[in-house]
Amino acid sequence: MALYVSLKKAEKTSKTVTKIARRQDIKPSDAMAIKDCVENIGDSIDELRDSLNEMKNLNQTDFDFKLSNIKTWVSAALTDDDTCMEGLGEEDVKGDARIVIRKNVVQTAQLTSNALAIVNGLKYKPERSHH
């Protein structure tokens with residue numbers, strides 16, 4: 001569920017940031033930084049989707065390998081969020097556009113970080129037979 005919530009927030013953030021990039025009051029140089037951010041969020045969305053799909057296949061077969069993949073993808077998604085933020089320094093994007101984008105990306109990163117903490121706590125527990 002945590003991965004799903006992260007994915008939905010990332011998708012919403014992507015739409016919000018894309019709309020901002022298209023605003024008439026955004027300077028071309030700012031638009032480039034915002035476009036880079038949208039690409040990072042897009043990568044994050046792909047990684048969260050991959051991890052969610054792998055989570056559906058998380059069973060006894062190759063459990064550790066699949067869990068390792070999930071951890072890698074969720075970590076990468078978090079890195080992509082951070083990369084987006086780094087590209088939105090005060091010299092890159094100014095004003096309310098920057099504030100709105102950063103707020104959305106920070107919320108996305110927090111949800112993704114929570115999901116990663118939960119994933120990191122997962123362990124395989126064989127079902128007990130009822131003899």
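Predicted model: local features only at pLDDT ≥ 70, side-chain atom pairs only at ≥ 80, totals over all residues.
The whole structure was searched for salt bridges, and 5 were found. Arg23 takes part in a salt bridge with Asp25, with 3.0 Å between the closest N and O atoms. Arg23 also meets Asp96 through a side-chain salt bridge, at 3.2 Å from N to O. This second pair links distant parts of the chain. Asp96 belongs to helix α4 (residues 95-120), while Arg23 sits in the loop between α1 and α2 (28-56). The two residues are 73 residues apart. Arg23 has a relative accessibility of 27%, so it counts as partly exposed. Asp96 is partly exposed as well, at 46%. Asp25 has a relative accessible area of 54% and is therefore exposed, as the cut-off for that class is over 50%.

Glu39 is partly exposed, with a relative accessible area of 44%. Lys35 is also partly exposed, with a relative accessibility of 44%. Elsewhere, a network of salt bridges links Lys8, Glu11 and Arg49.

Thr13 was examined separately. Thr13 is part of helix α1 (residues 2-21). The side chain of Thr13 is joined to that of Thr108 by a polar contact of 2.8 Å. Leaving aside residues up to four places away in sequence, Thr13 touches Ile41, Asn104, Val105 and Thr108.

Methods:
Residues numbered from 1 in each chain as written. Heavy atoms only, no water. Helix = DSSP H or I, 4+ residues; strand = E, 2+ residues; numbered from the N terminus. Polar contact = N/O pair within 3.5 Å; in protein donor to acceptor, adjacent residues only side chain to side chain. Contact = heavy atoms within 4.5 Å. Salt bridge = Lys/Arg side-chain N within 4 Å of Asp/Glu carboxyl O. Buried < 20%, exposed > 50% of the residue type's maximum accessible area, 1.4 Å probe, protein only.
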